[in-house]
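Please read it with the model open.

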Amino acid sequence: MIPFLDLKQPHQELREELRNAFEEVLNSGWFIQGHQLEAFEQEYAAYCGAKHCIGVGNGLDALHLILRAYEIGNGDEVIVPSNTYIATWLAVSYAGATPIPVEPDIHTYNINPELIEKAITNKTKAIMAVHLYGQPANMHEINKIATKYNLRVIEDAAQSQGAKYNGIATGGLGNAAGHSFYPGKNLGALGDGGAITTNDDELADKIRILRNYGSRVKYLNEVKGFNSRLDEIQAAFLRVKLKNLDEWNTRRKLIANYYIDSLKDLPIVLPVVPEWANPVWHLFVVRTKEREFIQKELELLGIGTVIHYPIPPHLQTAYTELGYSKGSFPIAEQIHDQVLSLPIGPHLTEQEAQLINKAMSDAFTRLCR
Ligand SMILES: *Cc1c(COP(=O)(O)O)cnc(C)c1O
């Protein structure tokens, strides 16, 4: 049995340190907005090469609060990739603005900068760039367009902790970035968590207030804020895990390189890494028209795979209001119809990777018979 993602082993490896972190918070008797959060915010800001980090309740809130703080809302438009997890779009909708989808590049699966300008109107306020599957988006081109049209650039860095664009970490490549610490992400908490990183002092200050009931001083509410905070206990766990992030990302990279090499003769499309990208392989995504067959064959051998994602946001019932239908975004639809994520993670062994490689070859051999 090879699960798609093993969340037990990583935490066994860090068991002692995580227990100590728990004891520390327990003994402190302080559970919200305290020393652990402050320390994590400093450490994570430094890791991302950003001036500020503000911990919040989850990744969706992180993106939503950035838009709120920039006062992007009713009547505004925000450019989003047509190929992403729905949270990117939901953040825009929560703020009251309209997500305007732009198709991805079929090779990198990230938003295609060449198609962005056509989607810009006089209502456009920002571009939300997602570093999907752990690979940085083409930030140089995106920033160039944003400068030309005076737009904000917001990074959705939920899947890209540690990834680099031309040597610069994601989370420090736009005006602000939203991060998720959902347990399955490269840097995952032991529950929900999220953060914003930015170099913008004013934005950071606004978000600090927004996350805590619109209040800087207790019982003094400057704006109608939210309750979206990163708990002390999660901040303490994240500090332990942040120390291991680079090593764990390196292990993911070894597996990804092994897959790229060992699967290259199969009739599948492998991930393409542009020369400026240093991805962190949150997911290892291959593309094939025979997805259903391959997934079943692997399942019979106890190998778990997942589809990221089966239905693009524009075809979800939640977004019927936007009036899109099948064919509205054919590249996103093709990706959603064909992608399959193979197991990858810091604790997948070389032996397991070899078994997966063999299972893939065997499946295609059976398919051709
Ligand atoms: C996980 C994820 C989010 C949302 O993060 P949560 O912490 O689950 O709210 C946003 N965008 C992308 C691309 C994600 O993968």
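1. Basis. This is a predicted model: local features need pLDDT of at least 70, side-chain atom pairs count only at pLDDT 80 or more, and totals for chains, interfaces and linings use all residues. Numbering runs from 1 along each chain as its sequence is written, and side-chain values use heavy atoms, without hydrogens and water.

2. Shell. Residues around the ligand (a heavy atom within 4 Å) include Tyr-85, Val-130, Ser-180 and Lys-185. The shell divides into five nonpolar, five polar and two charged residues. Here Ala, Val, Leu, Ile, Met, Phe, Trp, Tyr, Cys and Pro are nonpolar, Asp, Glu, Lys and Arg charged, and the others, Gly among them, polar.

3. Polar contacts (N or O pairs within 3.5 Å). Asp-156 uses a side-chain N or O atom, 2.7 Å from a ligand nitrogen. A backbone N or O atom of Leu-60 lies 2.9 Å from a ligand oxygen. For Gln-159, a polar side-chain atom is 2.8 Å from an oxygen of the ligand. The protein covers 90% of the 380 Å² of accessible area that the ligand has on its own (Shrake-Rupley, 1.4 Å probe).

4. Ala-119. This residue is in helix H6, residues 116–119 (a DSSP run of H or I, at least four residues).

How values were computed
A polar contact is a pair of N or O atoms within 3.5 Å; within protein, one must be able to donate a hydrogen and the other to accept it, and residues adjacent in sequence count only if both atoms are side-chain atoms. Helices (H or I, at least four residues) and strands (E, at least two) are DSSP runs, numbered from the N terminus.
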